[in-house]
Amino acid sequence: MRTAAIGIAALSLVLANCSRPAVQPSAKAPSATPAAIVEVSGGKQVTTIGTPLEQPIVVQVNDSHGAPVAGASVSFRAPNGAVMQPAWGITGSDGQFTTALTIGSIAGRYKVSAATEGAGGKTVEIRIEELALGFEQNLGKQLSDVYCSRCHDPESTAERVSNFDNLTAKPHAFGDGAYLNKIGDADLWAIVQHGGPALNKSAEMPPYGRTLSKADIDALMAYIRAVADPPYQPKETVFAQRQ
Amino acid sequence: MANRSKLASIRETLFGDSARAFGTLGIVLLLLLAVVPARDQFREWYRYQKGYLRLIGGRGDAVTLKRRFTGGIQQTWIPELNVVDRCSSCHVAMKEATLRDVGTQPFRPHPSIPHSLTDFGCVMCHRGQGVATTVEEAHRSTLAWEEPMIPARYLESSCGQCHMDKLAGTPKLNAGRGLLSRYGCVHCHSIPLPDGTKLIPSDDPPPLTHIADKTTREWIYGWLKNPAGYSSTATMPNFQLNDNDARDISAFLMAQSTPSAYPVAVPEASGTPDAPALQAGASAYGESFCASCHAIQNAAGLLVGGNLGPELTRIATKAKPGWIRQWVHNPKDYDPGTAMPHYRFDDKQLALIGGFLESKTDPDFLANVHLDTATAGQIAHGKQLVNENGCAACHEINGIRKPESLAPDLTAVGSRPLAKIVFVAGMEHTLPAYIEAKIKQPRSFGAALKMPQFNLAVPQIDALVTALLAQTDRAFNLPARLRVARHPATNYEPAGAAGRLMHDLNCFSCHAINGRGGDMAPDLTFEGSSVQREWLLAFFKNPNTLRPTLIRRMPKFNVTDQESAILTDYILAVYQTPSVEKDSMVASSEPADIERGRQLFYSKYACQSCHIVDPKKDKGYVGPTLTHVGSRLNAAWIYQWLKAPQSLRPGTIEPDRQMNDADGKALTAFLMAQKGQEAKGK
């Protein structure tokens, strides 16, 4: 299980390195000089490999006073295999530019960069990260939705009211990398299998070792490690030799 | 002449005598033999294998990895699956788990899946040309190769070749197969699953035999022109009819309608309801849990409610007021096959709910529809159009026979050869792109095509393409032992008076029993083993929910005492599990045992995180409320549930704790002591 997580960590590096250059648009003169590019929405989405993101990525170009810049050129660079439609364009009157991203066929973190040309031809850039789940992590997500998220996800929806507030020992959201990354694979496995008391934690976390199969718990672990924020980086990471 | 003498001298030098000839031939043969292995030096796979050895050379586990590496062309051959794979000639590290950090292809190990790569090979899931040994030929369709690799987006379709049932890891495939039923694709197309079982349509199209009772010709016209304009969740597609065709079809449908015979005439509305009456109607609508199945748009434009029945936001624009009351009184009088239960509303409730529904109008929908009286010619033309468009494939219509094989057979659509597909100009020449375009915009392939325009979002189209790509030739020719069967819906029918009642109340719309029925409410196959008679009798009279956070709830059907008793006795007698001997256990009433159970409940097992026993103290609401559990369930069921919950309800999220007998008995004693208010303070 640890190895899967190493894969994702390493993959994110590899993916970030194999960006393809986007074609520079021939822009009209923008209304002001772009000084910053900010993300409006669409970052940190979770999807499965090969699938379009549910929400589009929206970025906004601002000038040095923080006012939106219309007519600025924005170009996106996405890792290999990911497709942006469109990959470049001109910001609208609100200074914003919207694009749709379809994730490639490899699971991992996809770092998308959006760039515009600032004063003196200097490139102003922002990085937006998206997450693609592979088969095992997606299976983990499905299981998590059934068995875990009622307590571990504090957000309620009309269809599913969260039980988070009713618990004395507050469960950690699976995205809580700051906490969960410190728990080793064996310990995390033990908590799922034998419940909280296995690690001297609350009995409110029940044991699932006889309800879920070994493969199910493996998948859950893969999912938990994949969605960790900050990303899960096991100490023993070994990177492949560069060719 | 000079050339000829030169050739002669060469021949003399090489083949002058038998010793020379032998030596020359030997050298030529040696060279030829050397060329064969040398040619491999220029193959793609050889380059990749070299690259792999360089890649692992610097790693800590290089020795192990090198030992496990075999050079040359690697082949997996599984005759019974028709699989010949040489993919591992380049994808050399597929089984090397220690290389999980490698991100460059073709050296990535295969992600963890539930199957052995050796047993199934690669093309079974990824498709592509397994026998090819070049990147281009293996992955993409070139020259005579037919099958390119399947994009990751639709990869789940390959699971569907063997797995007929829903799988936790294939949400897209599950959704796609659900949509084939939900949108009634299987009314027109033949799409048998690879094991031959049929998908049952779940869209429940209404019969049109008495449609003039229900609605107006103007509404039919507006609906035909754009179903999504009336209801955004309509499963009826848009046939893109022109004004005249929609006019003529509406004329024919009104003309073929016969009045339906109502055994009881429901009183008509007495004037428009005032604001308090509307408010009371809305309350009655809420208390009857109509929203468990029907959605209504709220002020913010969001749909609130379930999607088992049609959206009711504009119902009074569609249905005539008298019909609404008649329907709410007993829907089976109009449509015997409807999924809607027969509530036993009294006249007052009928007036309230009828008044509320009759206020749900949208004058804009039919504002521009003005139809003149239909002529005989229009009606005849309408009948012809109804036949041509295959309306009777879904709807029952007087005088129209259900058409056979209206639409192309999609049995093996996932293996359709590209050579047989006519692509539209500018389209990507792949099978998934073709199927996607066919679903997204069927008429883009020709204006004369019959397939209507469905109102589907991108993820729904993705799911449908995934489900259709599972329909491969290989899937239909698999050995039977590999097929994981679906549990096809049974046609279980309860007997006698209780059976008739359950049919009238449409229990199966929400509950499943013995493999038949919906999944909105609990499976009742073993209900008789779990509950007590008094509780069930009272529950039918007034179904108080056990799960306060649920928004879909069991409605109050207003059954009589006698009906409640018939249902209760039948359920208790028939729906039993063999693993619980119902009256075999009497829970201990010793205070010491109950106290021990209480401590186990609150400390060792921390049941209060999901269940409520003491409403003042406990807050958990993942599981049902247990304040009255002692007067609801019987002891033997509770005990068995604590020991092995999945044996009683497969798939329940209650964790199996392998509870020992003593703990189980103490907890049973504690839970059986929870009898509700009366027992408080004891």
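Chain A has five helices and nine strands, taken as DSSP runs numbered from the N terminus (helices H or I, at least four residues; strands E, at least two). The model is predicted, and local features need pLDDT of at least 70, side-chain atom pairs count only at pLDDT 80 or more, while totals for chains, interfaces and linings use all residues. Residues are numbered from 1 along each chain as its sequence is written, with chains lettered from A and ligands numbered from 1 in the order in which they are written.

Read from the N terminus, the order of elements in chain A is α-β-β-β-β-β-β-β-β-β-α-α-α-α. Of its 243 residues, 39% count as buried, that is, with 20 or more other C-beta atoms within 10 Å of their own, C-beta atoms being placed from the backbone.

Now the helix pair. Helix H4 (residues 185-194) of chain A packs against H5(A) at an angle of about 125°, and the axes are 11 Å apart. Axes here are lines fitted to C-alpha atoms over the stretch in contact, and angles run from 0 to 180 degrees between N-to-C directions. H4(A) is therefore oblique to H5(A); angles under 35 degrees count as roughly parallel, over 145 as roughly antiparallel, 65 to 115 as roughly perpendicular and the rest as oblique.

Which residues meet? From H4(A) they are Asp185(A), Leu188(A), Trp189(A), Val192(A) and Gln193(A), and from H5(A) Ile217(A), Leu220(A) and Met221(A). Contact requires C-beta atoms within 7 Å. By class, this contact has six nonpolar, one polar and one charged residues. Ala, Val, Leu, Ile, Met, Phe, Trp, Tyr, Cys and Pro count as nonpolar, Asp, Glu, Lys and Arg as charged, and the others, Gly among them, as polar.

The contact between the chains takes 45 residues from chain A and 43 residues from chain B. On the chain A side, helix H1 (2-17), helix H2 (135-152) and helix H5 (214-227) each supply at least two residues. H2(A) gives the most, with nine residues.

Notes. Buried ≥ 20, exposed ≤ 12 C-beta atoms within 10 Å, placed from the backbone. Contact = placed C-beta atoms within 7 Å.
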